[in-house]
Amino acid sequence: MSESENGIQGADPQRFKDAMAGWASTVTVVAVRGTDDRKIRATTVTSFAPVSADPPEVVVSLNPSAQVLPFLDVGDLFGISLLAREQRRWARIFADPFPVGAVPWPEDGAPLLPDALAGLACSVRALHPTEGRSRLVVARVEALHVSSGARPLLYWERTYRGVANEEHE
C-alpha cells in the first residue's frame, strides 16, 4: 500500500501541529523564582507528562523563548501547577510572553498557583535540547498537593476546555 493509499503523508510541521491539536492535554503553569531578584517568571505549558512514580518524575517541554528557561538549571526548584477548569484566566495570562496580572504566589518555596488541580514542587534533574527548538526539562517531584473535587483545564483542538460530567461505563 502506498502512502497516499492509506492516508499517510509526510510529517511537515503544520501537518504535525494539526495532528497534535487532537491530543487533549492538561494545562499547566510552570513557574520559577529568580535566585538574584526573587521575581517569579511563569509560562503556560501543555507539553507535560509524568515519567515515573518511583521516584516521582515529570518531563516538561519548553519553547526556547519561555521566560522560565534561563532560570532553570540542574538542581533548581520550580513549580508546576496543573490548572483546574476555573483557572482559564491564568492559562491565558501566562501564555503571553509578557504576562500582566497580580498573582498570589507564595513568599517562599516553589511558586505554585493557589486552587490548582495539583501543585508539584520540582527540582531540575536534567535539561535536554531537542532536534527542534524545544528543551526538555526532566524533574523530580519533591512535594505536592492535590485539590479534591476539582476538574482539569484541558487544551484540545487549539482551545481551552473543561471536562464534561460524564458517568463511567
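Which residue in strand 6 is the bridge partner of V29? In this predicted model, the partner is S81. Residues are numbered from 1 along each chain as its sequence is written, and because the model is predicted, local features need pLDDT of at least 70, side-chain atom pairs count only at pLDDT 80 or more, and totals for chains, interfaces and linings use all residues. Side-chain values use heavy atoms, with hydrogens and water left out.

The protein has two helices and ten strands, where helices (H or I, at least four residues) and strands (E, at least two) are DSSP runs numbered from the N terminus. Read from the N terminus on, the elements follow the order α-β-β-β-β-β-β-α-β-β-β-β. Of the 169 residues, 34% count as buried; buried means under 20% relative accessible area, exposed over 50%, and partly exposed in between, with a 1.4 Å probe and protein chains only. Among contacts with a separation of 6 or more, 63% are between residues 24 or more positions apart, contact being defined as heavy atoms within 4.5 Å.

Seven strands form an open, antiparallel sheet in the order 3-2-6-7-8-5-4; two strands pair if DSSP finds at least two bridges between them. Its edges are strand 3 (40–45) and strand 4 (48–53), each of which pairs on one side only. On average, and ignoring direction, neighbouring strands of this sheet are turned by 30 degrees against each other. Axes here are lines fitted to C-alpha atoms, for helices over the stretch in contact, and angles run from 0 to 180 degrees between N-to-C directions.

The V29 and S81 pair belongs here. Helix 2 (residues 88–95) packs on the sheet and touches strand 2 and strand 3, its direction making about 110 degrees with that of strand 3. On to the next pairing: strand 6 meets strand 7 (residues 118–129) in the antiparallel sense over six bridges, with L120 of strand 7 as the bridge partner of I80. Strand 7 is in turn joined to strand 8 (residues 135–146) by eleven bridges, again antiparallel, and A121 stands opposite A143 in strand 8. These two strands form a hairpin with five residues between them.

Strand 8 also holds V137. This residue has a relative accessible area of 1%, which means that V137 is buried. Leaving aside neighbours within four places in sequence, V137 is in contact with V58, V59, V60, L62, L72, F78, V124, A126 and L127. The C-alpha atoms of V137 and D73 are separated by 9.2 Å, although the two residues are 64 residues apart along the chain.

A second, three-stranded open sheet has the order 1-9-10 and antiparallel pairing. Strand 1 (25–26) and strand 10 (159–161) each have a single partner strand, so one side of each is left without a neighbour in the sheet. Strand 1 pairs with strand 9 (residues 154–156) over two bridges, and Y155 in strand 9 is the bridge partner of S25.

The second largest pocket has a volume of about 170 Å³. The lining consists of K39, I40, R41, A42, Q67, I93, F94, P99, V100, G101, V103 and W105. Strand 3 and helix 2 are the elements that give two or more residues to this lining, and strand 3 provides the largest share, three residues.

The peptide bond from D54 to P55 is cis, with omega near 5 degrees, and P55 is found in the loop between strand 4 and strand 5 (56–62). In the loop between helix 2 and strand 7, D115 has a positive phi of about 65 degrees although it is not a glycine. D115 counts as exposed because its relative accessibility is 65%.

Notes. On a 1 Å grid over the protein atoms alone, a cavity is a set of points where a 1.4 Å probe fits but cannot get out, and a pocket is an open set with protein on both sides within 12 Å along at least five of seven lines; lining residues have an atom within 4 Å of a point. Grid points are joined across faces, edges and corners, and a volume is the space filled by probe spheres set on the points.
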